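The structure is shown first, and the points follow by topic.

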Amino acid sequence: MSLMHTSFTRRRAATLTVTALAVALAAAGCGGGDGTAPALPGNSGTGSDGVIAQSVYDAAPVATDADIPAGSTMDAIRKRGHLTVGGSLDAPLLSQQNPVSGTIEGFDADMAKLLAKYIIGKPEVKTTTIGTQTREAMLQAKSVDAVFQTYTITPQRATQVAFAGPYLTSGLAVGVRKDDTSIKSVKDLAGKTVIVGANTPAVTALPSAAPGSKQVAFGTDPQALQALLQKRGDAYVQDFTLLASGAKANPGMKVVGEPFTTEAYGIGLNREDAQFKEFVNNWLKKIQADGTWAKVWEGTLGSVVEGGAPTPPALGSADGS
């Protein structure tokens, strides 16, 4: 099973906040304390409310001194005592600042903390909110060490920045009402009334993925989610990340099946630092192999998706990675 896709990055400014889940916070912020979420009672590995347990951080790997050559980017980060990250504060289940604790929670945020732990020995991260139009410039200027922001890997972007990964994939997925057991994947949408976002990739993808389905389009995600809950359609097809965010805020819906289109997300790095890219890719291999990646997914995005964690994407598998 692969995960997560289509124009999410291109639509971020208009549609991530559109889920009505975003917390409008400061333009820049830092993770509080060690940036970790508390373990939940009775859960040894993952949280059940979009956070991961402390035990995941405790068991996460730490690089050896031999892995961090003197004078390298990793050495500078270790001496500084924190990893600087370009990301978001308003992306539910990906990177959202908790208004009570001040910590930044979600898949991207936790991955950044785990990279910090690998380098420094503790998950110390300072996050600066960053726009999609400024990511390349921030990396080129070395204003941040890395960008964790559902950053789609493309050959064009790879001429300006380096991408470690992909570390996550997305795609169009299917959302249904919580009590619906008849729809388990896009194949079950043939002949059904399907809610879509106007002018989204779902409009063109559905006819071949679900022959005979009838589309009902809405201008925004909140409108589409409301229509699903009001039974004005049998299912809602949208980018996995947006559906997961919707399910986080609306207990009456769930995400089913696998995404049926694919887009790869990478960790943005300075293009001139091949050593750091190799280091980050080696870290990704380790956390994929030891199960850490799966635990992060289960505790964040997986908290609103039926089924277990997907297989992580193969490193270097995207054109531009």
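**Salt bridges and a serine contact**

Asp110 is buried, with a relative accessibility of 2% (buried means under 20% relative accessible area, exposed over 50%, partly exposed in between, with a 1.4 Å probe and protein chains only). The model is predicted: local features need pLDDT of at least 70, side-chain atom pairs count only at pLDDT 80 or more, and totals for chains, interfaces and linings use all residues. Residues are numbered from 1 along each chain as its sequence is written, and side-chain values use heavy atoms, with hydrogens and water left out.

Pairs within a helix
- Asp110 forms a salt bridge with Lys113 at 3.7 Å, N to O (a side-chain nitrogen of Lys or Arg within 4 Å of a carboxyl oxygen of Asp or Glu).
- Both residues, Asp110 and Lys113, lie three residues apart in helix α4 (residues 107-120), and Lys113 is buried at 6%.
- Lys79 and Asp75 form a salt bridge at 3.2 Å; Lys79 is exposed at 67%, whereas Asp75 is buried at 11%.

- Arg78 forms a salt bridge with Asp65 at 2.9 Å.
- Arg78 belongs to helix α3 (residues 73-80) and Asp65 to the loop between α2 (54-59) and α3, 13 residues apart.
- Arg78 is partly exposed at 26%, and Asp65 is exposed at 62%.

Ser213
- Ser213 lies in the loop between α6 (201-209) and β10 (214-218) and is buried at 18%.
- The side chain of Ser213 reaches the backbone oxygen of Ala210 at 2.8 Å.

Conventions:
Helices (H or I, at least four residues) and strands (E, at least two) are DSSP runs, numbered from the N terminus. A polar contact is a pair of N or O atoms within 3.5 Å; within protein, one must be able to donate a hydrogen and the other to accept it, and residues adjacent in sequence count only if both atoms are side-chain atoms.
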